[in-house]
Amino acid sequence: MIRVDRDDAVAVLTVDRQDALNALDVATLTDLRDRLRDVAGDDGIRAVILTGAGEKAFVAGADIKYMSGLDVEQAKAWGALGHEAGRLLETMPKPTIAAVNGFALGGGCELALACDIRYAASGARLGQPEVNLGIIPGWGGTQRLARVCGLGVAKELIFTGRVVDAEEALRIGLVNGVHDPVLDKARETAALLASKSNVALRIMKELANRALGGEHGANLRAEGEMFGELFAGEDAKEGLSAFVEKRDPVFKGT
Ligand code: CAA
């Protein structure tokens, strides 16, 4: 199951299937996709954290026992469901943060990669060990690991299936920081982001998601367009005036 805890404008989604190290079976992944849809569409939620229940695991991957019985069409549907969850994390109009509190393997690492920001506990282990099962990363790992860590690092990790510790994850840029307790750090950043202009955050996320794809000139033109459009809204007026008037801004999200 997925637990959803609300703390003011921050939602914490916790994958809770501890007897399988939070590995995702159909019910849990469907629940996750549905809860992500809920928080994506809830304007009162301004930042989202994804974590795993217990001390051992964030998510130990897709459920291997379930996958061992799949045929081609079922496997494609299973991949598509994982992609749906990843796309929600990646594109919802508010920041998403992975608090990686233990094993983040296979599909677990892929969900973390779909988040905007990743923090790891010092005992976390991350990797894409699918090759050891005779399969490939199927929930975005062949694409997003390269975007986050660079193609050379990504190929080494997905080809070998090597799992990295938190310190190496930080060094290769797979996580943004290593913190204990990791959820406290995720909550701190989420609260900070929730206090900022959610209009600016939404537009920055949309533009940043284009940074590694498409045509550079067109992306810059889109940035210029959206930069200009922002000046029609209240948050830009408020942020700029607050600086001039030497006071803290109060953003309304318009
Ligand atoms: N699927 C199903 N069950 C899993 C699981 C998974 N991905 N990972 C762990 N479990 C289960 C184990 O089967 C075990 O259950 P039982 O007690 O019923 O046997 C329980 O969780 C505890 O696991 P271990 O006893 O193995 O715990 P450990 O501490 O000795 O080892 C581990 C931990 C190194 C994470 C090990 O469990 C492991 O290697 N798990 C598999 C990791 C993996 O390969 N993940 C990728 C899956 S493929 C994928 O995700 C495809 C994709 O891209 C979508």
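**Close-ups of a predicted model**

**View 1. Helices α5 and α6 cross in a right-handed way.** Everything in these views comes from a predicted model. Here, α5 covers residues 141-149 and α6 covers residues 151-160. Their axes sit 7 Å apart, and the two helices pack at an angle of about 135°. That angle makes α5 oblique to α6. On the α5 side, look for Gly141, Thr142, Leu145, Ala146 and Cys149. They meet Leu151, Val153, Ala154, Leu157 and Ile158 of α6. Sort the residues of this contact by class and you get eight nonpolar ones, two polar ones and no charged ones.

**View 2. Helices α1 and α3 pack with their axes 9 Å apart.** Now we've moved to α1, residues 26-41, and α3, residues 72-91. The angle for this pair is about 30°. So α1 runs roughly parallel to α3. The crossing of α1 and α3 is left-handed. From α1, the residues that take part are Val26, Leu29, Thr30, Arg33, Leu36, Arg37 and Ala40. Across from them, α3 brings in Trp78, Leu81, Gly82, Glu84, Ala85, Leu88 and Leu89. By class, that contact is made up of nine nonpolar, two polar and three charged residues.

View 3. Start with Ala62, where a backbone N or O atom lies 2.9 Å from an oxygen atom of the ligand. Next comes Ile64, with a backbone N or O atom 2.9 Å from a ligand nitrogen atom. Glu110 uses its side chain instead: an N or O atom there is 2.7 Å from an oxygen atom of the ligand.

**View 4. A cis peptide bond links Asp180 to Pro181.** Omega for this bond is near -10°. To find Pro181, follow the chain into the loop between β10 (177-178) and α8 (182-194).

**View 5. Asp8 has a positive phi.** The value is near 60°, and this residue isn't a glycine. You'll spot Asp8 in the loop that joins β1 (2-7) and β2 (10-15).

Conventions: Residues numbered from 1 in each chain as written. Predicted model: local features only at pLDDT ≥ 70, side-chain atom pairs only at ≥ 80, totals over all residues. Heavy atoms only, no water. Axes fitted to C-alpha atoms, helices over the stretch in contact; angles between N-to-C directions. Helix = DSSP H or I, 4+ residues; strand = E, 2+ residues; numbered from the N terminus. Parallel < 35°, antiparallel > 145°, perpendicular 65-115°, else oblique. Left-handed = near helix turned anticlockwise from the far one by under 90°. Contact = heavy atoms within 4.5 Å. Nonpolar A, V, L, I, M, F, W, Y, C, P; charged D, E, K, R; others polar. Polar contact = N/O pair within 3.5 Å; in protein donor to acceptor, adjacent residues only side chain to side chain.
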